[in-house]
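Here's a quick tour for anyone opening this structure for the first time. Have the sequence and the 3D view side by side, then work through the points below.

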Amino acid sequence: MNARGGLRPPRAPRAQALVLPGLLGPAVVFIVGVLLTALGILLVNSAYHFTGTQVQPRVTFEAYRHFFTDPFYASVLWQEVRLAVVTTGICLLVGYPVAYAITKIRRPNWVIAAYILIFSPLLTSSIVRAYGWLVILARGGLVNWALAEAHLVGSPVRLVFNFTGVTIALVHVLLPFTVFPILSVLLRTDPTLREAAADLGATRLQTFLRVTWPLSFPGLYAAAQLTFVLAMNAYVTPQLLGGGRVQVLPLLIFENISDLNWPLAAVEAIALIALVWTTMFVSNLLFRRRLAAIGDRE
Amino acid sequence: MGTTGRAEASATPAVELQQVHKRFGQVHAVRGVSLRIRENEFFSLLGPSGCGKTTVLRMISGFEVPTEGSLYLQGRLANTIPPYRRDTNLIFQHLALFPHLDVYDNIAFGLRLRRLPRDEIARKVRASLDLVDLAGYESRRIHQLSGGQKQRIAIARALINQPAVLLLDEPLGALDLRLRMQMQVELKEIQHRVGTTFIYVTHDQTEAMTMSDRIAVMNHGVVEQIGTGRDVYERPRTRFVATFLGDSNLIDARVERREPEQTVLRAGDQRLVAPADHAAGPGAAVTLCVRPERLRLVTPIDAPAPAGYENRVPARVHDVIFKGAFIEYRLTTGSGASMIAQAHANGSPAIAREGAVAATWRRDDGVVLTE
Amino acid sequence: MSGSRDPITIALWAFLGLVGLYMLAPLIFVTIDSFNPSTYGTFPLAGVTLHWYQNVLQVPEFRSGLVNSLIVASGATVVAVALGTLAAYGLARYRFRQRELVRSFLLLPIIVPAIVFGAALFLLYIRVGLYGTRTGLVLGHALLGLPFVMSITTASLQTLGREYEEAAMDLGANPLVTFFKVTIPSIRPGLVVSALFAFVTSWDQVEVSLFITRPRNNTLPIAMFNYEQNYQDPTLAAISAILIGFAVVLVLVAVSILKSQEYRKLVERE
């Protein structure tokens, strides 16, 4: 259905049934041939044996055993989830008011300015942004200088190469991804609904709590999921700003591949995917009713 | 089929549908439609939204393939011929003028595909712009045009290809009333000048009656009646046609007896006379349809009716509505039914509310509907 | 027009401004730092120097990285746009039972974590000899850009509707002619945006490139990443500032397109 409504896609008649595979085929074959094959090889490798210097195609599953028994990995998983949850929480707390503020801008030039402010950092690579935070948060950097000038601290505060630094920088990277779904939903909300609430006697606060906020929930939910997933998958920011103290799965994956311990890397990769999908699945179940209720009203 | 005086039944119709069906999954959008549209005819498909008229049009233009039945264009079976190989052109509901091309390129689009020489194309484009009264508009961009101008460019773009059949899908819907009426007249003129068969889809009965040689009234995928505007209005075949075109008074009645020249009906305790051109026998339940403008109200209630006005129903005036050129009376009959009567506002005093009247009409003013 | 200037809205806008500063902060300060005479990037600046910019030009990895990135990003964009547009046309214009399944399938490259994708690609490339090659990079980056191209183009096609294509066919154009003379020109803004997305995705790509590049064939982000592991001087700030400069130009171009007559005309269809 297009924006004009009335026009449907035709059923693929016989002649056109030959065209469709030609259109979709290349992309599908490309993904199957490269992505799926690669993932398959990864999966197979996860079961192999690592001698300490090379991989042998012997099925032993010892990487799995190692992963699930060594308490180090439990702490890694904990670190991983902690980082993702904290980052997502901050992003939501900051992102929602930002999105709401943008919807209230009337002049189109200011709207464009707001979009530029929030979304243009996406045009630079994560390395540039991470390095930027290094500069700002370092011992001799901007923040510490400002704090010292204001006589708020006696000695430089440790803001990089730890969990705090990673969080600050990761929030910066992910905030646009949080704002976007929330903003989309807020913009799509029928403004006459708010007017109706006011007409029926609701104050601005009540209108927000009873109309705007509930209707924006799907956007918030999508933003939370997206941010969480991206935080879990983050590599560059924890690597450059963690100083080795923030050990998350993506770092280990790279490390193990570099060390030629492919089975272990593969297991960690599978664990990462499993962790992310389980979280999404569980949260979808938990919130299914609330999301469906809003969907009906659209 | 409707009544016509022309003896062209043997000429090849421009478009013919024979028992055409179209299903979309579970939806049976077109059910057994048969039509024969003549060359040079202005033919309308009239009906409410969802009646299937647009689907029929899209099958004729080639964007839908009939599920069952046969479609003939100029006598050739055309069910599966793709749109770019049919000698038809469609004016889309939202016109579909290419925004990335100017007026000249839009109009020349079809000709360029046929690789006509450049100067011939230029000549034809100029001529077609003259035809629609927009000479000199060649380099305008589409977004610079008004609604009426876009309309005419769409027509020019289609007609320049000299199709055997021009199809129009509710093209005037987006225009305001005045412009719409003006365009109706212009379209009719263009059709006369060019002589192409026009098939016009609309839900507006006034529009259909104004422009068409013949109308097919559709409802729920079925053609209920085909005929000239006058046929369809004055002698509707079904309740739907009677109520879709104009207002009607519908009276439920039973056939008491049939006579050679008339039918005697009984409605409640009333005896009414109606024409005999229907198939219902004695005892059958029918609907008598009388148009509001055919009713003559006489007051007081026992005053004599004009000569020939045999039917008489006592009623009370419930409401009087002044509608400019005529006055509409809403009546409540003795048995509690509602009727509408229409009288010319010719200056004579209107009947007051609560007035007691007799609604009268001639035998041949009524139509007996069996469906 | 300016009816909503109540205190809450003002507060929200102030918050927006603060967050805006937060978003620009690293970019601004990296640029400032690129002029920093001190090797350890201490703040505030003791002076201004262009030494680090000169250094950028002298680091061979940055030069080759730039060239590689340009070639790879261009190639990846072409592949992603070509395959993605075809697939989008199939999804938007045809109705078939597995449509949602295929659409989800084509999103796979961004559903899989980039780091996992990179590791897997490494294992595959080692086997087929694509490791460290530009072709390998182009394929990998194209895969990452494909879902964006597909989503944006499908949305463009659905919003556009089939009326123009039907009009073209009605006027005698067969499907192929219709596609190139009407469909493609009509979705040009969407195509440009998706090409941009594909290009930027490849240009800034780190996690996947990390696994499939070889020192001779590094892309620019990887060259920067490696440099950061070894040196921490503001040369990195200088190259970052240059890249930020490109991004600024890109933003200005995008804004001018948005405000241009042509775009507005294409968007203001009734």
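Chain A has a radius of gyration of 24 Å, whereas a compact globule of 298 residues would come in near 19 Å (the radius is taken over C-alpha atoms, and the globule rule is 2.2 Å times the number of residues to the power 0.38). Keep in mind that this is a predicted model, where local features need pLDDT of at least 70, side-chain atom pairs count only at pLDDT 80 or more, and totals for chains, interfaces and linings use all residues. Residues are numbered from 1 along each chain as its sequence is written, while chains are lettered from A and ligands numbered from 1 in the order in which they are written.

**How confident is the prediction?**
- The model as a whole scores ipTM 0.86 and pTM 0.80.
- Chain C has a mean pLDDT of 88, with 94% of its residues at 70 or more (pLDDT is the predictor's confidence in each residue, from 0 to 100).

**Chain A**
- Along the sequence, the pattern of chain A goes α-β-β-α-α-α-α-α-α-α-α-α-α-α.
- In chain A, 39% of the 298 residues count as buried (buried takes 20 or more other C-beta atoms within 10 Å of a residue's own, exposed 12 or fewer, and partly exposed is in between, with C-beta atoms placed from the backbone).
- Take the contacts in chain A with a separation of 6 or more: 72% of them come from residues 24 or more positions apart (a contact puts two C-beta atoms, placed from the backbone, within 7 Å).

**Where chain C meets chain A**
- Here 77 residues of chain C are in contact with 70 residues of chain A.
- On the chain C side, helix α1 (residues 7-33) gives the largest share, 16 residues.
- That side of chain C has 56 nonpolar, twelve polar and nine charged residues (nonpolar covers Ala, Val, Leu, Ile, Met, Phe, Trp, Tyr, Cys and Pro, charged covers Asp, Glu, Lys and Arg, and the others, Gly among them, are polar).

**Chain B: an open sheet**
- Four strands of chain B make an open, antiparallel sheet in the order β2-β1-β4-β5 (strands pair if DSSP finds at least two bridges between them).
- β2 (27-37) and β5 (76-77) of chain B are at the edges with a single partner strand each, so one side of each has no neighbour in the sheet.
- Strand β4 (residues 68-73) of chain B runs antiparallel to β5(B), joined by two bridges, and Leu73(B) stands opposite Arg76(B).
- Arg23(B) belongs to strand β1 (residues 15-24) of chain B, and Arg23(B) counts as partly exposed because it has 14 C-beta neighbours inside 10 Å.
- Leaving out residues up to four places away in sequence, Arg23(B) touches His28(B), Ala29(B) and Thr67(B).

**Chain B: an enclosed strand**
- Strand β3 (residues 42-46) of chain B has five of its five residues buried, so it is largely enclosed by the rest of the structure.
- Phe42(B), Ser44(B) and Leu46(B) are on one side of β3(B), with Phe43(B) and Leu45(B) on the other.
- β3(B) runs parallel to strand β8 (residues 197-202) of chain B, with five bridges, and Leu46(B) has Thr202(B) as its bridge partner there.
- Four bridges link β3(B) to strand β9 (residues 214-219) of chain B, also parallel, where Ser44(B) partners Ile215(B).
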